[in-house]
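Good morning, and thank you for making time for this item. Please turn to the sequence and the structure, which I shall now put on the screen.

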There are 2 protein chains.
Amino acid sequence: MTGPLSDLGRASLTSAASSDDAAPLPDARLLSFNQATAERASLPAVIETCARHGVPGIAVWRHKLADTGVGTAARLIRDAGLSVSSLCRGGMFPAATAAERAARIEDNRRAIDDAATLGAEILVLVCGAAPNRDISGARAMVADGIAAIVPYARERGVRLGIEPLHPAFAAERSCVTTMREARMLCEPFAPADVGVVVDVYHVWWDPERAAEIAMLGNRIAGYHVNDWLVPAKNVLTNRGMMGDGVIELRRIRGEVERAGYRGSIEVEIFNESIWDMPLDELVCLTRTRFVERV
Amino acid sequence: MTGPLSDLGRASLTSAASSDDAAPLPDARLLSFNQATAERASLPAVIETCARHGVPGIAVWRHKLADTGVGTAARLIRDAGLSVSSLCRGGMFPAATAAERAARIEDNRRAIDDAATLGAEILVLVCGAAPNRDISGARAMVADGIAAIVPYARERGVRLGIEPLHPAFAAERSCVTTMREARMLCEPFAPADVGVVVDVYHVWWDPERAAEIAMLGNRIAGYHVNDWLVPAKNVLTNRGMMGDGVIELRRIRGEVERAGYRGSIEVEIFNESIWDMPLDELVCLTRTRFVERV
């Protein structure tokens, strides 16, 4: 209550357990390591390290996939005995011209092809931001874009997962910011074709969070964990390892489980310090925190 | 659709006019200069500069008020012919212990006294963050805190304005993040006693924005303008001068006006470059942009 930059209410990081919290996970069986967590490592290195540490799943990013080649990547993953929880990312539908929007849809079709080749459970859609100041216009372009790719994805057995991003990314990455809005975008389609990816970093603050997760039910196409660090600096790389921030992880997992979700849980952390860790240590820490804190 | 840090969808800052947009403001009659915009200047300097540039209103911060003294400040403001749109800020209700919560409520009473002395239209409430990982528990503390101060404020003729903050501040400044939630918090009280402050920076992204502003109606207790800059860096100081970012300012003003709001419009910008400007230039630029871009 002093200066504009004071933060009297800052979280003191003590935990508040509740009977709504999920029970601790018995093991790492549901863990999927999203390779964005090891941004500086190659896909083959991530595959090898995950397999060695008993991490059963990975999530693949397209820019890393391009370095390795989709055929080689699919073979390496299969040979290592890993499953692929998701391919990141499609989406980015809004653009200033019809030609550019068509090019984005075509690029999404290539992503769907890759997801099918990898046997990924879903293709994650980060929907994109407005090319101008018209955020509601951009939302309409997202709805159009999704409608344009659903038949192609269905034919190839690839489920689409719309990931609402934290409102801090509304200007640059996704005009779709809440689970409610993502749920509305799903409604024209079957749950097997289009669902919603729930990432705690993006949704932990939402006053409708518990109600929306319950309403999503079998629309939940993925669950991502990490943490929200305080004080927040750069909002993109402010994610932390589970347990290092303020997100009530067991409360939210309880909500997701009560909604019926039984799928893999991806660890996805964008953070310079995490990226600087040796890959071996990082995967080991991820696995440990997954069991202890998720 | 390349790396995790790419931003293909970044706004290109062209404008998309619509018939829903408000007409340009004819003059600066509704302008109130929030002194957080001139964080490095004293209150007497802000008062003198606003008066000289024909800015009719100011919003006062308590840490600056403490430097000047509330009696002196009230006299300076009155002598300069300025009105006070708001005093910033009360709130910050959640705390780990009952004693600390009681102290916060007592501090809010002092803020109400100051608002009454200044003749401020409202006391802005920034509600505070959870002292632990329990955001819904913090929300209950906020509701309790507001209920505790409403009678005191009503007796002194001070209206309370709940300001939902952008979700990026949920961990450090306000567990109240959406207009919908702020509206629910108001409902036990008369609109003359408790309303909602709509700040474009905090609400521009909200898919429920237009509907919520319409539902607020005479609950709108203040309207704040600034802009959301891209690329976003530090989310606290990412605000820009109106016209420099991606917020559709005339669209939102149209929504606020259709809801019936006719009060002052505060310019509140937290930004290091803005704070580095000479005060005279800053107030002149603010007045110009207010008429041209708000």
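Let me begin with a definition: by contact I mean heavy atoms within 4.5 Å. Please note that this is a predicted model, in which local features need pLDDT of at least 70 and side-chain atom pairs count only at pLDDT 80 or more, while totals for chains, interfaces and linings use all residues. Residues are numbered from 1 along each chain as its sequence is written, chains are lettered from A and ligands numbered from 1 in the order in which they are written, and side-chain values use heavy atoms, with hydrogens and water left out.

I turn to chain B and its helix H6, residues 179-186. Helices (H or I, at least four residues) and strands (E, at least two) are DSSP runs, numbered from the N terminus. Buried means under 20% relative accessible area, exposed over 50%, and partly exposed in between, with a 1.4 Å probe and protein chains only. Six of the eight residues of H6(B) are buried, so this helix is largely enclosed by the rest of the structure. The buried residues are Met179(B), Glu181(B), Ala182(B), Arg183(B), Leu185(B) and Cys186(B). They pack against several elements of chain B, including helix H5 (135-155), strand S5 (159-162) and strand S6 (194-199).

Next, the barrel of chain A. Two strands pair if DSSP finds at least two bridges between them. In chain A, eight strands close into a barrel with parallel pairing, in the order S1-S2-S3-S4-S5-S6-S7-S10. Within chain A, S6 (residues 194-199) and S7 (residues 220-225) pair in the parallel sense over four bridges. Val196(A) has Ile220(A), in S7(A), as its bridge partner.

What of the cysteines? Cys284(A) is partly exposed, at 37% relative accessible area. Cys88(B), by contrast, counts as buried at 2% relative accessibility.

Finally, the core. A nonpolar core is a set of buried Ala, Val, Leu, Ile, Met, Phe, Trp, Tyr and Cys residues joined through side-chain atoms within 4.5 Å. The largest has 202 residues, and Trp228(B) is among those with the most contacts inside it. Not counting residues up to four places away in sequence, Trp228(B) touches residues that include Ala168(A), Ala171(A), His166(B) and Trp204(B).
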